[in-house]
Amino acid sequence: MKHGKAIAWILLAALLALSGCSGGGASGTDNGYQEVNLSMAVNGTDTQIDSLVANYFAQLVMERSGGNVVIDVFPNDTLAGGNSTKGVEYIAVGGSDLGAYATSVLANLEPNISVATIPWSFTSYQQAREVIDSTGGEYYAKMLAGKGITYLGSFHNGFRQLTNSVRPVTKPGDLKGLKIRVPGSAVYMSTFKALGANSAAMSWSEVFTAIQQGTIDGQENGCSITKSAKMDEIQKYMTIWNYSYENDLFVANTKIWESLEENTRRLIQECAAEACNWGRDQLEADEAALIQGFRDAGMQVDELTEEQLSAFQAAVSDVIEEFKGVYGAEACAAFGIH
């Protein structure tokens, strides 16, 4: 999106926010739910978990409101010209009413949001659920409140795994010299640097071609995204090491949220929570099948043992301690990071 268009959109969003919601007018109805149309922005394609959760949520809201509350889902950050950073900024100013974004993206607004991406903060999806649904979620809500965003829930984006085209990675030394695409997060960049890899931050849309051309050797991501991006077609090796947990946060613009009638807010909150748990269940259930699918596609998949993992954890222990200091005691305590 060009600069002038972005400014125009933000000004328009501000005017729309004053009217109660950016998607249209609202009025009370006999069934207790106001008639309102809300937009929901997500970064992923139609087949990725954020879009699936958003569409499931929209269906729940439509059915339970008797058609009064309509959620229009916009994948691929179409409202922000495909730019996820702009996408979360639009949530903050009311350019989008609702959204679901990875914590690594929301960290552009509030860096401490990505505290749980510190390597091996969680050892299982169940642990992540329990922590985030208590103290972790409370921390997210507190941090986002100061940015004009209301936290409604969280769902898995997945434990991040590694793929590459050069060699199996089962010990820290195997990463030495490999050029791996990672998101621009300081946590991820520092982790791979400590392991001897050359980390490259580039747009996700460029990764497939960059691997094909040999510009980079590999990438790291959750299994579902690795599959939807067809990495199994161009990568030979996969390492299952659960080195970092990533989740998407289900959020709303606070001014728009507070403009809704109480009963409508309650419905949306309930449906958001249900959709988040549905998304978690889906991702967990699908992951084993995805890993087997990678094997069936001809990839060598190495699932690391506790002993093998301990070598990686030792190699990045300084990085873990560094970022515990960066995020601070309050953030770490909220996610049980000691």
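The legends below describe close-up views of a predicted model.

In this predicted model, local features need pLDDT of at least 70 and side-chain atom pairs count only at pLDDT 80 or more, whereas totals for chains, interfaces and linings use all residues. Residues are numbered from 1 along each chain as its sequence is written, and side-chain values use heavy atoms, with hydrogens and water left out.

**View A. The largest pocket and its lining.**
The largest pocket holds about 1,000 Å³ of space, and of the 39 residues that line this pocket, Asn43, Ser84, Val105, Arg181 and Trp204 are the closest to its centre. A pocket here is an open set of points on a 1 Å grid over the protein atoms alone, where a 1.4 Å probe fits, with protein on both sides within 12 Å along at least five of seven lines, and lining residues have an atom within 4 Å of a point. At least two lining residues come from each of several elements, including α2 (49-64), α3 (84-93), β3 (98-102) and β10 (245-253), and β3 supplies the largest share, three residues. Helices (H or I, at least four residues) and strands (E, at least two) are DSSP runs, numbered from the N terminus. By class, the lining has 15 nonpolar, 19 polar and five charged residues, where Ala, Val, Leu, Ile, Met, Phe, Trp, Tyr, Cys and Pro count as nonpolar, Asp, Glu, Lys and Arg as charged, and the others, Gly among them, as polar.

**View B. Helices α2 and α10.**
The axes of α2 and α10 come within 9 Å and cross at roughly 140°, which makes α2 oblique to α10. Axes are lines fitted to C-alpha atoms, for helices over the stretch in contact, and angles run from 0 to 180 degrees between N-to-C directions; those under 35 degrees count as roughly parallel, over 145 as roughly antiparallel, 65 to 115 as roughly perpendicular and the rest as oblique. Among the residues that make the contact are Leu52, Tyr56 and Phe57 of α2 and Ile268, Cys271 and Trp278 of α10, contact meaning heavy atoms within 4.5 Å. The residues of the contact of α2 with α10 divide into 15 nonpolar, one polar and two charged.

**View C. Helices α5 and α10.**
Helix α5 (residues 125-145) and helix α10 (residues 262-296) have axes that come within 12 Å and cross at roughly 165°, and the two helices are therefore roughly antiparallel to each other. Tyr125, Arg129, Ile132 and Asp133 in α5 meet residues of α10 that include Arg280, Asp281, Glu284 and Glu287. By class, the contact of α5 with α10 has three nonpolar, one polar and six charged residues.

**View D. Helices α6 and α12.**
With their axes 10 Å apart, helix α6 (residues 186-194) and helix α12 (residues 317-327) pack at an angle of about 160°, which makes α6 roughly antiparallel to α12. Val319, Phe323 and Tyr327 in α12 meet Ala186, Val187, Ser190, Thr191 and Ala194 in α6, and the residues of this contact divide into six nonpolar, two polar and no charged.

**View E. Val73 in its surroundings.**
Val73 lies in strand β2 (residues 69-74) and, leaving aside its neighbours within four places in sequence, is in contact with Met40, Val42, Ala54, Asn55 and Ala58. Glu307 is 234 residues apart from Val73 along the chain, and the C-alpha atoms of the two are separated by 44 Å.

Note on methods: Grid points are joined across faces, edges and corners, and a volume is the space filled by probe spheres set on the points.
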